[in-house]
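Work through the following exercises with the sequence and the model side by side, and try each task before you read its solution.

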Amino acid sequence: MKKRFLLVITGLMVIFLLAACGSKSKDDVVEELNGKLNDLTGYKVDAKMTLKMGTDSQVYNVEIWHKDPTFYRVNLKNAEKDQSQMILRNNEGVFVLTPALKKSFKFQSDWPQNSSQAYLYESLIKDIVEDKESKFTATKEHYVFETKTRYQNNSMLPIQEIKLNKEDLSPATVKVMDPDRNALVTVEFSKVKFNASFDDSDFDMKKNMTRADLNLPVMADSKDEAFSVKYPTADLGSKLVDEKEVKLEDGKRVVLTYEGEKSFTIVQEKVTVKEASSSPTYVDGDLVDLGFTIGAVSEGSITWTVDGVDYMIASNDLTEKELVEIARTVQGDVEK
């Protein structure tokens with residue numbers, strides 16, 4: 001009886017040892033990810049990105065193309081409003097296209113190397129590799145990493161959970177969280193094709209602008225359309241002291257003045273759709289991902305366009321990081 005009991009115990013120990021030998025450690029997975037990245041020539045990815053903004057959420061369908069080493073095409077389309085914005089990177093620089101407004105901007109930027117990007121595979125791997133204190137767990141189907149982020153407004157979105165499929169190390173989901181661990185950005189990957197092939201024109205600015213323009217619905221003249229004034233929810237010790245509306249020939253401009261420890265001004269104006277220019281407008285600033293749109297930030301100001309409205313925040317008191325923080329929270333009506 002005792003011999004049989006010892007045999008059972010020995011058998012169980014062997015099973016546990018074999019199971020342990022079969023499981024991969026954090027270092028094992030990181031090493032595999034480095035190898036995967038070194039062998040990767042490019043990819044095509046489809047994803048859904050959900051942004052939680054106060055009590056509301058916005059959903060974007062995201063199509064990502066990457067050709068090693070530095071070509072990118074990221075198409076973000078609002079699932080409800082049929083509006084899209086595209087980020088392109090090629091040998092000529094970094095471009096942001098807004099086809100519905102016939103706008104294109106060129107940046108001298110090192111995007112996407114300068115910040116975390118929740119929808120770019122190699123950016124996620126970089127976040128995992130660089131964070132030596134990241135947390136690692138494994139489930140039946142996934143490897144799960146919790147890492148620090150590299151966002152410019154890191155204090156607002158300091159941590160992320162990256163879930164990878166065990167089968168091929170492809171991304172499954174990413175959750176970017178605030179300090180209270182609320183997921184403000186969630187990316188769910190639906191289709192990943194590694195080492196995809198591309199045409200020469202796939203990353204060309206003018207050809208992408210033309211293709212997007214052909215697929216757009218006919219837009220009504222927007223000059224008489226009203227827009228709702230939006231207010232920031234970030235609290236940096238400033239209060240709204242003045243709201244001025246200026247009548248324009250083709251609409252209106254609203255100027256909000258905030259005074260206090262960190263004074264700033266917000267200007268909002270409806271965009272008039274004009275004929276597309278043959279060349280993009282050069283932007284003297286760095287590209288910044290605000291989540292709901294792409295903006296341009298420089299010393300003393302930040303600008304962006306969303307839902308057909310141009311926004312600008314200007315300040316002598318705010319750092320670039322604080323400008324981004326306020327811009328991200330310009331969401332809607334608040335009690336004034």
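Predicted model: local features only at pLDDT ≥ 70, side-chain atom pairs only at ≥ 80, totals over all residues.

Residues are numbered from 1 along each chain as its sequence is written, and side-chain values use heavy atoms, with hydrogens and water left out.

**Exercise 1.** Find the order of the seven strands in the open sheet, and name its edge strands.

*Solution.* Begin with the terms: strands (E, at least two residues) are DSSP runs numbered from the N terminus, and two of them pair if DSSP finds at least two bridges between them. Strand E13 (238-248) and strand E17 (286-289) each pair on one side only, and are the edge strands. Within the sheet, E15 (residues 264-270) and E20 (residues 309-314) are joined over six bridges, and Ile266 stands opposite Ile313 in E20.

**Exercise 2.** Which residues touch the most other members of the largest nonpolar core?

*Solution.* Such a core is a set of buried Ala, Val, Leu, Ile, Met, Phe, Trp, Tyr and Cys residues joined through side-chain atoms within 4.5 Å, where buried means under 20% relative accessible area (1.4 Å probe, protein chains only). Among its 71 residues, the answer is Tyr119, Ile302, Trp304 and Ile313. Strand E1 (residues 42-53) gives the largest share, six residues. A second, separate core of six residues includes Met86 and Phe95.

Notes
Helix = DSSP H or I, 4+ residues; strand = E, 2+ residues; numbered from the N terminus. Buried < 20%, exposed > 50% of the residue type's maximum accessible area, 1.4 Å probe, protein only.
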